[in-house]
Amino acid sequence: MNAAFDLQRESALALDAADPLAAFRDEFALPADPHHGTAAYLCGHSLGLAPIAAAASVEQELKDWRRLAVLGHEAAERPWIGYAEQLAPALAQLCGAQESEVTAMNSLSVNLHLLLAALFRPKGQRCCVLIEAGAFSSDRHVVASQLRWHGLDPERCLLEIAPRAGEELLRIEDIEARIAAEAPRLALVLWPGVQFRTGQSFDLARIARATHAAGALLCADLAHAIGNVPLALHEQDIDCAAWCSYKYLNAGPGAIGGLFVHQRLHKRAARNGLQGWWGHEGQTRFRMEAEFRPAAGAAALALSNPPVFSTAPLLASLQQFQRAGLPALRAKSLRLTAYLEYLLQHRCGEQITQVTGTEPQARGAQLSVRVRGGRSRARAVFDALQPQGLIADWREPDIIRLAPAPLYNSFEDVWRAADILAATLQANG
Ligand SMILES: Cc1ncc(COP(=O)(O)O)c(C=O)c1O
C-alpha cells in the first residue's frame, strides 16, 4: 500500500480529489488556525469535531420545548419519550449487534458500573477481574470500587497483564494464556476494543473465546473503538460493552454514551441489574405500579429519562455514519493512517518511535509516537505543535497521539500534520 504514497503535498491533494468521502468534511466545523485558516485536527480519538447539523438538531429540541413544553414528550417532532430508542438502529449497526442489545444512556464509566452491577457476581474462589496494566484510569477505578463494593480486596482480586519486558503492545497469545492460567479465580475480563494510549486494537472474538473457556464474562470498553473499527459484538459473543460518543462518534463533550448486553444475558441483566423507571417496559411505565417489568433487552438497564440535549447531536452524527457507511469509512481510515505512518517514517525517521503496531488490522485511526530524547524534549515539541496549527494530544511521559478521522480529515491534513511535526522536531533537535 505504501508504494502508492510519496512525500509531495500535491499527492495529498490528489488523494483528496479521489476520496469518495471527501465531501463529508464540509459538514463539520473545523477549528480555526491563524496561519492556514483551519487547523490540522488529528484529535478525534479525544473529542470528535462538531457536525454542523448538530446545532440544528439541538435547536429543534429547544424549539419544541419552547413551543410545546411538557407536551413535547409525545408531540415533539422527535418525541422525547422515545428519544433514546431512535438511536438503537444506527448504534446496533456500528456495534454489530441486534437493536435490542444496545441502548444509549449515561456516560461510559457509569455504564460500566451498571453492567458490572448487573453481571459481575463474584462467588467463592471465582472473584477476580482481569484488566490490562495500562488500562484507562476510570476503568481501573470502576473495577477496584466494584470489588470493594462486593467486600473484596482489589490488591488480591484485581489482576493485571502488562506487555512483555521491552515491548509496548500486548500479544494476543499472552492474553489468552493469562486468562487460561487464571481460570479458576476469574469472574470477569474488562478489555478495550482499542487501547487509548497505544492505539492497539484487539481481537475481541479471541479474547471472548478464551474468557468463556475460563468460565468468565468479557466486558469491552469501546471508547476508542466505536465508529473507528468494525465491531461484531453479537456474532463474536462479547458479553457486554460500553462506550462514549464524544470521540469518533462526534456527539460533543460529555454526550450520551451507550451500552451493549448480549441477548444471551438479557434475562440475567434484567433480573440482577439496578433498576429505574426508564428500564421499565414502555407501555406500562406510566402506570407507576410497584412491580418492575423490565423493558426488552439492554434497555432494561436504563434508569432515567434520556438527556435530550446531549443526545440530539448524536442523532445528527449517526445520520452521517449511516450515509457514509462504516465499511467505506474503515477503508478510508486504513489509507489515511497508512499515509500518516509513511510520512512519519520518511519525514521524522529517527526522531520518533512508533508505539502503535504496523499491522493495519491491529489498529484503528490512531498512531501514537514516542518522541526520542526524553520527556522535556518531547514536551517542548508537543507544546510547539498547536501554535503552528496541528492539534494532537499528549500522554505522559513522551507520547504524542495523532488520529486522522476519516469522516472529516483529509490527506492534506495528514500531510500538514507530518510537515509541522517534522519541522518542530528539527527545530527542537
Ligand atoms: C478508554 C476510556 N475509558 C473510560 C473513559 C471515561 O469516560 P467517561 O468520562 O465518559 O466516563 C474514557 C474517556 O475518555 C476512555 O477513553
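Q: How many Å separate a polar side-chain atom of Ser109 from an oxygen atom of the ligand?
A: In this predicted model, Ser109 belongs to the residues around the ligand, a group that also includes Ser107 and Leu108. A polar contact requires N or O atoms within 3.5 Å, and the distance from a polar side-chain atom of Ser109 to an oxygen atom of the ligand is 2.6 Å.

Q: Which residue has an N or O atom in its side chain 3.1 Å from a nitrogen atom of the ligand?
A: Among the residues around the ligand are Asp139, Asp221 and His224. A polar side-chain atom of His224 lies 3.0 Å from an oxygen atom of the ligand, whereas the side chain that places an N or O atom 3.1 Å from a nitrogen atom of the ligand is that of Asp139.

Q: What share of the ligand's accessible area does the protein cover?
A: The shell around the ligand is made up of four nonpolar, three polar and three charged residues. On its own the ligand has 400 Å² of accessible area, and the part of this that the protein covers is 82%.

Q: Which residues form the salt bridge between domain 1 and domain 2?
A: The chain is divided into domain 1, with residues 2–51 and 326–427, and domain 2, with residues 83–322. The count between these domains is one salt bridge. With its closest N and O atoms 2.8 Å apart, this salt bridge joins Glu168 and Arg370.

Note on methods
Residues are numbered from 1 along each chain as its sequence is written. This is a predicted model: local features need pLDDT of at least 70, side-chain atom pairs count only at pLDDT 80 or more; totals for chains, interfaces and linings use all residues. Side-chain values use heavy atoms; hydrogens and water are left out. A residue is near a molecule or strand if one of its heavy atoms lies within 4 Å of it. A polar contact is a pair of N or O atoms within 3.5 Å; within protein, one must be able to donate a hydrogen and the other to accept it, and residues adjacent in sequence count only if both atoms are side-chain atoms. Accessible areas come from the Shrake-Rupley method with a 1.4 Å probe; for residues, only the protein chains shown count as cover. Ala, Val, Leu, Ile, Met, Phe, Trp, Tyr, Cys and Pro count as nonpolar, Asp, Glu, Lys and Arg as charged, and the others, Gly among them, as polar. Domain bounds come from an automatic or database domain assignment. A salt bridge is a side-chain nitrogen of Lys or Arg within 4 Å of a carboxyl oxygen of Asp or Glu.
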